[in-house]
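Hello,

Here is the structure we talked about. Please open it first, then read my notes below.

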Amino acid sequence: MNHKKLIKSLIPLCEQASEAIMQVYTSKDFAIRIKQDLSPVTKADLAAHEIIQKGLLALTPDIPQLSEEDESTTFQQRQQWDRFWCIDPLDGTKEFIQQNDEFTINIALIEQHKPVLGIIYVPATKTAYWGSTQLPAHKQIDGQRSAQIRSRPLGQELIIAASRRHGQTRNDVLLKPLYKYFRRVHNQAVGSSLKMCLIAEGVADFYPRLFPTSEWDTAAAQAIVEAAGGRLVNATSLQPLAYNEQESLENPFFYVCGDPQFPLEEVALHRATPPA
C-alpha cells in the first residue's frame with residue numbers, strides 16, 4: 001500500500017474527528033459513563049469513533065478495524081486478520097475530562113502483527129505526528145508545512161517522559177542505576193500518547209511504562225517512534241511489541257527510548273533483580 005497517500009487521507013479524517021471532539025470539549029457536556037474495565041468514556045470518544053470508522057470504511061473497505069469503542073469484535077474474528085486498523089478515537093479520556101489539552105487521536109495500520117503506519121493527532125493544538133515503514137516520521141502544526149522529526153542521541157541530560165497518573169516512585173527505583181551516566185535527570189509529565197511523541201521528536205529520551213495499557217494505546221506511537229529512529233519494546237524480552245497475537249488486548253509492560261543504544265539491558269536486569 002502507498003503510505004504517503006494513506007497519510008494524506010488520514011490527516012483530514014483526523015481533523016474531522018478532532019472537530020467533533022473539540023465541540024464536546026468546549027461545551028463541557030461530556031456525558032461520562034464508566035465502562036466494564038472501569039475506564040471512562042464520553043460522547044466525544046463515541047463521536048470520534050463513528051467518524052473514524054466511517055472514514056476508514058470509505059478509504060479502505062477491505063481492511064477491518066479494531067477500535068477501543070467497538071466491543072463487538074471477537075478474538076475468533078481477529079485471528080483471521082493479517083492486516084487491520086487499530087484505533088483509539090480519544091486517547092487520554094481522563095486528560096480530556098480534566099481539560100488539560102493532553103489527549104490524542106491514534107490510528108495505526110497493523111500488518112502481520114506489526115504496526116507499519118501510525119498517525120497521532122492532537123485536537124487541542126491541531127498537531128499531527130506520523131510515520132511508517134515507508135516514510136520517515138513527521139510533525140505538522142495546525143496546517144503548516146510538515147517537518148521531519150528524529151529522536152535524539154543520548155547526552156549528558158536524561159529527560160524522562162512520565163505519566164501524570166502512574167508510576168513515578170516505581171520509575172525512580174527502576175532508573176536509579178542509570179543516574180550515574182547523566183549529569184542531570186529530569187522528568188517531564190504529560191498525558192496520553194504524547195509522551196511517545198516527545199521521544200519521536202527528540203524532546204525526551206525515555207518512557208518506562210510499568211502500568212497496564214491496551215494495544216490501541218501504543219500501536220500508532222510505535223510506528224512513529226520507530227520511523228523516528230527510536231524503539232518501543234517489551235520490558236521483559238526487549239523485543240518490539242506485537243499486536244493481535246492473543247485474546248487479551250492488554251500490552252505487556254514496555255519501554256520507549258529515542259536512542260537505540262539506550263542501556264535497556266541494564267534497566268531490565270535491575271527490574272528483574274531488585275535490591276533486597
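Start with phenylalanine 103: it is buried, at 0% relative accessible area (buried means under 20%, exposed over 50%, partly exposed in between, with a 1.4 Å probe and protein chains only). Tyrosine 25 is buried too, at 7%.

Some ground rules. This is a predicted model: local features need pLDDT of at least 70, side-chain atom pairs count only at pLDDT 80 or more, and totals for chains, interfaces and linings use all residues. Residues are numbered from 1 along each chain as its sequence is written, and side-chain values use heavy atoms, leaving out hydrogens and water.

Next, the aromatic rings. Rings of Phe, Tyr and Trp (its six-membered ring) pair if their centres lie within 6.5 Å; planes under 30 degrees apart are stacked, over 60 edge-to-face, the rest tilted. That gives 8 aromatic pairs. Tyrosine 25 and phenylalanine 103 make an edge-to-face one, with 4.8 Å between centres and 65° between planes. Tyr25, Phe30, Phe96 and Phe103 form one aromatic cluster.

Now the sheet. Strands (E, at least two residues) are DSSP runs, numbered from the N terminus. Two strands pair if DSSP finds at least two bridges between them. The sheet is open, has 7 strands and mixed pairing, and runs in the order S3-S4-S5-S6-S7-S8-S9. S3 (65–67) and S9 (147–148) are the edges; each has a single partner strand, so one side of each lacks a neighbour in the sheet. Strand S4 (residues 83–91) is antiparallel to S5, joined by 7 bridges. There, cysteine 86 stands opposite alanine 108 in S5.

Best wishes

Note on methods: Helices (H or I, at least four residues) and strands (E, at least two) are DSSP runs, numbered from the N terminus.
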